[in-house]
Amino acid sequence: MPGTEWQSEVSILIAHPADAAIGAFGRDGQLIVPKIRLSEHVCLDEPAALIAAVCEQLGLKITELFPLGEIVDEQAATVTAAVACEVRTGVTDASGIVWIGADRLEMLSNEDRGPAREALSRLGGEALGPCRAPWFARGWFAGAERWLRAAAKEAGYEPTGPVEQFRTWSISSVLRVPTTRGMVYFKASADMPLFVNEAVVTRALSSMFPEFVPAPLAIDARRDWLALPDFGAEVRWDAPLDVIDIFRHFAQLQMASVKHVDRLLEAGCIDRRLDWLAREQKEWLTGPLARQLLSANEFSQLQSCSAWLPTLCADLASFGIPDALLHGDVHLGNAARNERGYVFFDWTDAAVSHPFLDMISIELEDDVSAAQAARAAYLAEWAAVYGPESVQSSWDLAVVLMAANHAISYLSLSSNIDSPGQDMADGGVRWLRRLLRGASELAARRGANEWKAWADPA
């Protein structure tokens with residue numbers, strides 16, 4: 001409700017330094033998992049507030065390992081969550097902690113047993129699973145911390161404070177450390193089927209397009225780690241839409257990339273050109289996950305749409321807009337402003353394909369006038385070279401195909417990430433439904449007999 005102050009309660013499951021055990025504290029003759037209460041909306045992906053509260057309320061310096069559940073009640077303005085944590089400074093029996101393994105769960109309350117059982121299961125299988133995010137395992141943070149401090153120092157950025165856990169979730173982990181020359185950021189990304197080695201690709205992109213992509217201070221190609229200097233203020237989602245300049249700048253980056261397609265692919269960008277989309281979409285759009293996420297009627301429509309998409313891919317290619325660099329997730333939170341203009345970061349989804357498939361943030365913009373202004377700024381750059389008629393016709397088809405392309409990305413994430421929750425599956429559903437709506441509208445506009453079966457599948 002408007003004006004209601006958020007309240008959060010988070011159960012803190014402290015992992016034993018080596019064993020499959022979690023820490024409990026004695027209180028009133030019972031062992032309990034400690035709970036942290038905050039008068040704010042706690043976000044487990046951005047753990048700074050939680051880490052500070054644990055330090056203040058429990059006297060422990062921790063890093064977050066992995067979430068164990070989260071219930072957000074928007075109406076009541078409450079968050080109830082549980083998270084597994086690792087203590088940075090070492091915990092001994094003298095700390096007042098009783099270590100609970102799977103054989104001692106009955107010592108905990110019914111409320112605490114569920115999260116404890118899940119935490120113990122995950123702690124006991126840290127080495128298992130190809131999609132397990134490495135930063136969800138004990139000991140990872142310490143190694144990343146050492147690497148970041150050494151990399152910053154070698155690049156002439158002397159650390160002046162502790163390494164902070166800035167963001168963590170199934171897809172990536174971001175750390176940062178203050179230095180004599182400003183913040184230095186660290187990022188590690190998940191090993192996913194449609195993800196690139198971001199460290200290697202970012203270094204390559206920064207060498208090809210230094211005015212658009214920040215250069216890493218250091219990378220570890222084997223582990224896909226990179227260290228980046230502070231490259232400007234993040235634009236953020238709530239920025240005013242004079243940020244149409246972002247889309248103009250991004251079009252300029254894409255146009256500059258056209259002549260480097262072979263180099264982009266050699267550098268590790270994923271080949272997701274229109275022939276790839278025409279070929280691969282059937283496996284995803286008519287597969288078991290899409291069937292599970294949609295109603296029977298929607299899935300039937302999706303099968304019809306899938307049969308049509310190769311024709312749309314060929315039609316889009318016929319307008320002659322060349323393949324270019326795709327970011328894969330262009331939005332205001334992945335752009336930063338500095339004295340030279342705008343730079344783009346978070347290249348986990350970097351690919352080569354039709355450039356217009358990247359403009360999801362324009363299509364997702366709720367403000368119609370803002371979306372129109374951003375779209376006009378972006379397309380004007382292309383129209384100046386390829387002509388307004390070809391560009392507008394291409395856009396009309398690309399709106400449908402970008403939905404298919406991004407539905408595939410979300411379905412892949414939902415199928416592969418560790419502890420995906422509902423976010424990725426929900427994203428897949430939204431893009432699948434956008435695809436159905438956009439394809440139906442396109443079929444209705446075309447009005448030819450060959451599209452009527454799609455436009456009116458009943």
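Two strands count as paired if DSSP finds at least two bridges between them. In this predicted model, strand β10 (residues 182-189) and strand β12 (residues 225-229) are joined by five bridges and run antiparallel. Both strands belong to an open sheet of five strands. The structure also holds 14 salt bridges, and several of these are described below.

**The sheet**

- The strand order is β8-β9-β10-β12-β11, and the pairing is antiparallel.
- The edges are taken by β8 (164-168) and β11 (218-220); each has a single partner strand, so one side of each is left without a neighbour in the sheet.
- From one strand to the next, the twist averages 20 degrees.
- Where β10 meets β12, Tyr-185 stands opposite Leu-228.

**The helix across the sheet**

- Helix α3 (residues 140-154) lies across β8, β9 (172-179), β10, β11 and β12.
- The helix runs at about 45 degrees to β9.

- Side chains of opposite charge can pair when their charged atoms come close.
- Glu-46 and Arg-167 form a salt bridge, with 3.7 Å between the closest N and O atoms.
- Glu-46 lies in the loop between β4 (35-38) and α1 (48-58), whereas Arg-167 is in strand β8, so this pair ties together parts that are 121 residues apart in sequence.
- Glu-46 is partly exposed at a relative accessible area of 42%, and Arg-167 is partly exposed at 24%.
- Glu-164 and Arg-176 meet through their side chains in a salt bridge, at 2.9 Å from N to O.
- This second pair links distant parts of the chain, with Glu-164 in strand β8 and Arg-176 in strand β9, twelve residues apart.
- Glu-164 counts as partly exposed, with 29% relative accessibility, and Arg-176 also counts as partly exposed, with 21%.

**Other salt bridges**

- Asp-220 forms a salt bridge with Arg-223, and their closest N and O atoms are 2.9 Å apart.
- Which residue has a relative accessible area of 13%, and is it buried or exposed? It is Asp-220, and it is buried, because buried means under 20% relative accessible area.
- A network of salt bridges links Lys-187, Glu-198 and Asp-346.

Definitions and conventions: Residues are numbered from 1 along each chain as its sequence is written. This is a predicted model: local features need pLDDT of at least 70, side-chain atom pairs count only at pLDDT 80 or more; totals for chains, interfaces and linings use all residues. Side-chain values use heavy atoms; hydrogens and water are left out. Helices (H or I, at least four residues) and strands (E, at least two) are DSSP runs, numbered from the N terminus. Axes are lines fitted to C-alpha atoms, for helices over the stretch in contact, and angles run from 0 to 180 degrees between N-to-C directions. Contact means heavy atoms within 4.5 Å. A salt bridge is a side-chain nitrogen of Lys or Arg within 4 Å of a carboxyl oxygen of Asp or Glu. Buried means under 20% relative accessible area, exposed over 50%, partly exposed in between (1.4 Å probe, protein chains only).
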